[in-house]
Amino acid sequence: METKRREVFMMRRSAWLHVSLSAYLWLIASIPLGNWNRQRGGTLLTAILAGQPIDSGDIGMLVFVTLPAVLFWFAYRRLSLGATISALIVDVVWLVLQIQSWWIPYILGTRAKWQLEYAKGPTTKVLPSFGNHVAPDGMHFVISLLLIAALVTGIAGLRQLRIGRYDNLPSAAR
């Protein structure tokens, strides 16, 4: 099994990238980090310390961002094609949401009031905003980078997993 696991090293890389992305999201959702993760609703730790209930939307978001990490870690440990594909589907949906929310408004501009107000907010920017072209803040920029890295290595891992399964078939079945 260890030899087989070495053959799918991209699965391991993607599993670690998925776990890193999930851990990063839990960190920024939980602990206030100043302008890095300044959000309208604050963080989970702030809400808990203030005695406020945790919003169901926050719980749903944390489940959503944890799901690919759990699925991909399971996929890596069990060399599961189904779990790999499931995790990658969630990644693609999530990347589409990131592109729609942050990158299209940055490249093409936006008229959405919340995005224009967000651009003026006190968040850390990596890229410049100009006119109605709203740059994603640093927090979302890092999310995009980690997500793309996890997705690309996940696709490479899927390919390695499929090649490994193909190589194990009898020659008559190929």
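Buried describes a residue with under 20% relative accessible area, exposed one with over 50%, and partly exposed one in between, as computed with a 1.4 Å probe on protein chains only. By that scale Phe 130, at 44% relative accessibility, counts as partly exposed.

The model is predicted, so local features need pLDDT of at least 70 and side-chain atom pairs count only at pLDDT 80 or more, while totals for chains, interfaces and linings use all residues. Residues are numbered from 1 along each chain as its sequence is written, and side-chain values use heavy atoms, with hydrogens and water left out.

**Aromatic residues**

Rings of Phe, Tyr and Trp (for Trp, the six-membered ring) are paired if their centres lie within 6.5 Å, and planes under 30 degrees apart count as stacked, over 60 as edge-to-face and the rest as tilted. By this rule the count comes to seven aromatic pairs. Two of the pairs are set out below.

| Pair | Centre to centre | Angle between planes | Class |
|---|---|---|---|
| Trp 103 and Tyr 106 | 6.3 Å | 85 degrees | edge-to-face |
| Tyr 106 and Phe 130 | 6.0 Å | 75 degrees | edge-to-face |

Helices here are DSSP runs (H or I, at least four residues), numbered from the N terminus. Trp 103 and Tyr 106, by contrast, both lie in helix α5, three residues apart, which is about one turn of the helix. Trp 103 counts as buried at 19% relative accessibility, and Tyr 106 is likewise buried, at 14%. Together with Phe 141, the residues Trp 103, Tyr 106 and Phe 130 form one aromatic cluster.

Thr 153 lies in helix α7 (residues 138-167) and counts as buried because its relative accessibility is 11%. A polar atom of the Thr 153 side chain is 3.2 Å from the backbone oxygen of Ala 150. When residues up to four places away in sequence are not counted, Thr 153 touches Met 10, Arg 13, Ser 14 and Leu 17, where contact means heavy atoms within 4.5 Å.

Leu 81 has its place in helix α5 (residues 81-108) and is partly exposed, with a relative accessible area of 24%. Although Leu 81 and Arg 162 are 81 residues apart in sequence, the C-alpha to C-alpha distance between them is 7.6 Å.

Definitions and conventions: Helix = DSSP H or I, 4+ residues; strand = E, 2+ residues; numbered from the N terminus. Polar contact = N/O pair within 3.5 Å; in protein donor to acceptor, adjacent residues only side chain to side chain.
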